Amino acid sequence: MTRAATSRALVDDIPGTPGIRGVRAHWSLRRLTSSAAWRLPRLTADQEAALAAHTAAEEGNDPNLGPLERQVAAVLRDNARAPYSDLARALDVSESRARRTATAMFASGLLRPHVEVEPRHLGYQVEAVLEISCPPSAATRLSTALAAHPATRFLALIGAAGTFVCDGVFRDEGDLADFIMAGAAADVEVTAVACTLQLEVVKRYWRRTQHPERPPGQGRRPAPGSLPAG
């Protein structure tokens with residue numbers, strides 16, 4: 001929620017978790033594209049334009065949420081379809097106040113209903129985090145190319161040895177190789193690319209992901225003779 005909370009998490013909370021041996025973190029200086037903005041590239045330009053016509057116009061957003069607004073966001077994050085009566089009970093306020101608060105947040109754009117579909121269900125079996133380096137003079141041009149690439153789910157300018165961190169989804173390893181060798185990451189001014197494959201995504205948007213191969217909350221069984229992961 002705050003810079004102090006972030007520092008506390010990195011210095012105390014996460015390293016103090018049993019089984020954690022080390023933490024590697026990069027400070028995000030500027031978010032260039034959000035995971036929520038990623039779209040499966042299946043629609044035609046005319047179809048995208050038709051859907052864009054139904055986008056609600058944003059009014060002046062106030063990022064400074066009060067306690068009640070934060071509580072509303074927390075409840076709706078877990079169940080975006082919760083009726084106002086349930087919202088009022090959860091927050092111990094009147095239904096009319098719950099309705100006014102949530103409606104105002106929707107109207108201002110502070111709350112945006114969003115359906116998140118796991119990329120692997122759409123045929124994107126490989127997800128990777130790439131740290132991409134380039135000279136500062138090329139950062140603006142390269143960020144535009146990376147953000148526009150259909151594989152990019154998240155892109156941020158970072159304060160680290162690398163210039164960007166990019167979360168990308170790919171149909172297979174060959175698709176990822178093409179991105180590195182011939183795609184946006186192959187720009188002539190890219191000086192280095194460090195690629196980390198995500199073996200399993202266990203949490204998105206503050207919620208655990210549900211895997212079709214096992215019930216929610218149930219981990220994978222360790223192989224015979226192996227130890228549970230720390």
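Q: Why is helix α3 called oblique to α4?
A: In this predicted model, the axes of helix α3 (residues 67-78) and α4 come within 10 Å and cross at roughly 125°. Angles of 65 to 115 degrees count as roughly perpendicular and those over 145 as roughly antiparallel, with the rest oblique, and therefore α3 is oblique to α4.

Q: What makes the contact of α3 with α4, and how do its residues divide into nonpolar, polar and charged?
A: From α3 come L68, Q71, V72 and V75, while α4 brings L87, A90 and L91; six of these residues are nonpolar, one is polar and none is charged.

Q: Why is α4 called roughly perpendicular to α5?
A: The axes of helix α4 (residues 84-91) and helix α5 (residues 95-108) come within 8 Å and cross at roughly 105°. Because angles of 65 to 115 degrees count as roughly perpendicular, α4 is described in that way relative to α5. The contact joins Y84, S85, L87 and A88 of α4 to E95, A98, R99, A102 and T103 of α5, and these residues divide into five nonpolar, two polar and two charged.

Q: What makes up the largest nonpolar core, and which element gives the largest share?
A: This core has 19 residues, and those with the most contacts inside it are L130, I132, L142, L146, F164, F170 and F179. At least two core residues come from each of β2 (126-133), α6 (139-148), β4 (164-170) and α7 (173-181), and the largest share, four residues, belongs to β2.

How values were computed: Residues are numbered from 1 along each chain as its sequence is written. This is a predicted model: local features need pLDDT of at least 70, side-chain atom pairs count only at pLDDT 80 or more; totals for chains, interfaces and linings use all residues. Side-chain values use heavy atoms; hydrogens and water are left out. A nonpolar core is a set of buried Ala, Val, Leu, Ile, Met, Phe, Trp, Tyr and Cys residues joined through side-chain atoms within 4.5 Å. Buried means under 20% relative accessible area, exposed over 50%, partly exposed in between (1.4 Å probe, protein chains only). Axes are lines fitted to C-alpha atoms, for helices over the stretch in contact, and angles run from 0 to 180 degrees between N-to-C directions. Angles under 35 degrees count as roughly parallel, over 145 as roughly antiparallel, 65 to 115 as roughly perpendicular and the rest as oblique. Contact means heavy atoms within 4.5 Å. Ala, Val, Leu, Ile, Met, Phe, Trp, Tyr, Cys and Pro count as nonpolar, Asp, Glu, Lys and Arg as charged, and the others, Gly among them, as polar.
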